[in-house]
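Open the model in your viewer and get ready to select residues. This tour stops at aromatic rings and the charges placed over them.

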Amino acid sequence: MVDPEGKFWRGQERTSVGQVKRVWGAGQTVLYFFLLILSFLPLLVVGWDFSAHAVVSAILALVFIFVMMKNFGFWKATLLVGIVYVIDIGFIALPIELISSTEIGKIFIAVKLFAIWPIFATIIYLIDISKTENAPRWAKAIGMALIVVVFAIVIPAMGVDSYTTAVKEHENYQIAKQKAEEVGESAKELLVNKTVPYWKRFVSAVPFLFKGDMEGYRNTLNPPQNLTQVIERAGAIDPTIKEYTKVDFVQGEEFTREIYSKRYPVPVQMEIESPRSTIDMEINCSFKAGTKVVPGSASPSQLTVLKGDEEEKVITCFPNEDLTKGGWTVQMEAVVSNLETFSTLRRLFVGEKTTEEKEELKKAYFPRSEDYKAQHPNEFVRIGFLIGEPPTNPIIDDNDNPLLTATIENIGKGEIENIELIKITLPNGLLAVNDATRCSLLDYEDQEDESTVFTKTDFNVGEVKGKKNIPLGICALDVEPRLKYPEEPFIHTTAEANIRYSYKIKKTFSISVNPLG
Amino acid sequence: MTMKKILILFLLVLFLTSCNIIGGKKDNGLIATNFKTGTDGLEVEIVEGVPPDEIYEGNSFGIGLKIHNKGAYDVNNGQIRIAGFNEEYTTLDRWQSELGLLEGKSITAPDGDYYIEEFQGDNKNIPEGASEYIEKFFIYVDYDYETEANTDICINPNFYDIKSSLESCEPTKTVSFSGQGAPVAITKVEQVVSPESGNQVKLQFKLTIKNKGSGKVLGPIIVDEVKIANRRLQCSPREIDLEKDDTVVCSGTQSLQGAYITPFSAKLYYTYQTKTSNKLTIKSLKVS
């Protein structure tokens with residue numbers, strides 16, 4: 001790209017009266033464009049790691065000074081860039097642990113998402129253009145485009161996408177911090193990932209960036225650093241479990257996309273498999289076109305499927321009012337209660353063993369990366385839990401003081417309506433530490449067949465309904481001699497967790513209404 | 001007559017060959033076989049089909065183990081232990097068993113002694129809804145064993161007069177071995193002669209000890225009965241941990257004299273562990 005005056009880089013021309021006239025070059029635009037891309041680095045590449053953010057921002061500040069120096073002068077450029085840098089590291093890179101869980105704290109979190117460097121780059125580009133006489137039209141047009149892209153698209157997209165996540169992450173951090181204080185040093189290790197240096201995580205993360213996988217990139221750069229995140233990943237689907245509960249609305253043979261009456265029952269097929277419990281369903285439906293909603297009557301509106309049965313039922317949805325001509329969506333909804341699922345967690349109690357011996361056993365019994373997690377069938381909800389020190393370590397030796405962490409997670413596409421029961425059965429030989437201040441599940445502790453069982457039934461619907469994750473807390477465990485100093489070379493055992501819950505499933509189908517006559 | 005002579009000659013040859021008078025080198029070789037070679041010890045093999053590769057849930061199974069002493073020394077004390085079955089799903093009738101006497105290789109048992117031990121297992125169930133569950137298990141065999149090295153070495157105590165003292169033999173500074181019929185082997189013996197007071201010299205033998213087997217040594221190795229001819233040498237250390245060190249120095253004094261050949265022997269005592277693993281697939285009766 002070359003400007004009409006034939007200059008690629010910006011320059012100066014002497015006028016007839018001896019004044020200096022600034023000339024815009026295409027290279028100048030390229031330079032600013034490059035600067036704009038660089039200016040996203042502190043937020044997107046480095047994130048909120050304070051020290052790394054401060055270093056990358058400092059390098060960026062030097063680049064800005066270098067670019068601005070010619071038109072703004074060295075001191076003015078340094079002053080402006082210095083102000084931006086102070087705002088950046090003082091507010092945007094502010095360590096999350098320093099932010100309180102208050103409304104003011106949320107403002108600070110919002111400020112952390114402020115893309116100050118890209119805005120600064122856009123502003124100085126515009127200033128530079130305005131100071132240049134006869135700047136080419138295309139350069140001004142790019143300036144306008146930058147305003148639109150940066151202010152109207154990029155920043156809101158980043159903000160909307162990240163704000164909720166950031167607030168949630170901050171809440172998670174606060175919960176994890178509180179839990180860590182309750183359970184002591186071993187859990188605190190989970191809060192900070194001290195094992196992989198930042199630069200190594202960055203190197204591993206870069207390939208995701210090139211693939212355009214921002215989530216993979218962020219997860220690799222900032223791996224699970226707090227306890228809540230670890231708990232959230234405490235379960236994995238067991239591929240060998242082929243029997244699982246299934247409730248789904250599908251388009252059966254009876255379904256018709258086009259109906260020719262204002263009030264015609266729309267048939268939708270329901271596929272149900274219930275290998276674990278007898279389940280009850282309440283079915284509702286409605287019709288929607290734009291903002292207009294017409295309630296419908298589902299028939300049958302209640303269903304019971306016995307344990308072990310597999311059924312395919314046709315549910316019809318009858319509109320309670322006339323549907324107007326045009327496209328409508330039928331929204332089917334089922335609240336399924338008495339659903340039951342489980343997860344199992346294997347652990348090895350190895351007594352006194354060398355590091356090599358423990359590694360060998362780990363390779364033999366937990367060869368896959370997700371084997372250390374609770375294994376469960378592929379259903380709507382899982383009760384994920386971990387035991388160990390740290391809880392992610394499946395090999396427990398005679399020096400370990402294991403922790404139990406547990407969480408309920410919604411892994412389906414619907415919503416948790418209610419939790420009716422959870423039960424965690426520890427292997428014989430594991431006990432909760434008898435100190436109520438250290439274990440939130442301890443109130444529900446009992447003994448069954450020599451095993452410690454935590455059973456909780458008094459869930460508050462308001463606290464669980466619609467939640468994606470429901471942390472159940474952390475318990476410090478005592479290991480009895482049978483497991484601590486096993487007579488056998490090691491003991492391979494399993495803990496089990498069960499949950500009974502209600503779940504709401506929704507699905508929409510598009511239809512077209514063309515009333516005859 | 002000729003036929004008779006041929007028949008008598010044939011019978012004579014048959015008699016002589018059957019008595020190893022002619023062509024008896026093989027048997028002579030057997031008599032002279034040194035069983036204290038190689039690095040084998042106790043070996044554990046899982047009897048084929050016991051357990052089978054897979055069973056159905058709720059069924060019983062056996063674990064057949066062939067315990068074979070392929071080394072050159074008897075096993076008097078040891079135990080077999082099985083670990084690794086998930087106790088929530090599978091139980092064994094017992095998880096350990098004492099080893100009986102198992103003789104090492106000898107003329108009477110050139111392949112070493114063996115016996116079969118059987119454990120019984122019961123599967124209770126497998127995880128709910130799973131099509132199968134794989135039970136991995138380890139078999140540990142711990143046993144007391146020994147290693148004995150015997151060799152003839154040439155010693156030259158008279159290092160001041162090398163020329164005349166080397167008339168009978170030439171001293172070997174280092175003797176190397178591959179194995180003595182046990183997993184722990186004395187792999188090298190180095191000889192050092194140094195002056196002592198008066199008419200005496202100090203003989204030092206540095207023994208290098210290695211674990212040449214596939215298992216591991218449990219605890220220390222006791223170095224005992226290191227002798228030249230019938231004379232016991234003092235060893236330091238008396239016990240070694242192969243994880244930390246693999247050499248022992250044994251020493252004694254000797255009067256000045258010319259080079260001579262003498263038997264050298266050393267014995268090691270230790271506990272050795274071999275380990276083998278296997279798996280058993282338990283299939284669901286309900287889910288395929």
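**Aromatic rings, stop by stop**

Start in chain A: select W117(A) and F120(A), which both lie in helix α6 (residues 116–131), three residues apart, about one turn of the helix. Helices here are DSSP runs of H or I with at least four residues, strands are runs of E with at least two, and both are numbered from the N terminus.

This is a predicted model: local features need pLDDT of at least 70, side-chain atom pairs count only at pLDDT 80 or more, and totals for chains, interfaces and linings use all residues. Residues are numbered from 1 along each chain as its sequence is written, chains are lettered from A and ligands numbered from 1 in the order in which they are written, and side-chain values use heavy atoms, leaving out hydrogens and water.

How many aromatic pairs does the structure hold over all chains? There are 20. The W117(A) and F120(A) ring centres are 6.2 Å apart with planes at 70°, so this pair is edge-to-face. (Rings of Phe, Tyr and Trp, its six-membered ring, pair if their centres lie within 6.5 Å; planes under 30 degrees apart are stacked, over 60 edge-to-face, the rest tilted.) W117(A) is buried at 2% relative accessible area. F120(A) is buried too, at 9%. (Buried means under 20% relative accessible area, exposed over 50%, partly exposed in between, with a 1.4 Å probe and protein chains only.)

Next, select Y89(B) and Y133(B). Their centres are 4.9 Å apart and their planes at 65°, so they are edge-to-face. The pair links distant parts of the chain, 44 residues apart: Y89(B) is in the loop between β4 (78–83) and β5 (90–92), Y133(B) in strand β8 (residues 132–155).

Last, select K66(B): it lies over the face of Y114(B), 4.5 Å from the ring centre. (A charge sits over a ring if NZ of Lys or CZ of Arg is within 6 Å of the ring centre and within 35 degrees of the ring normal.)
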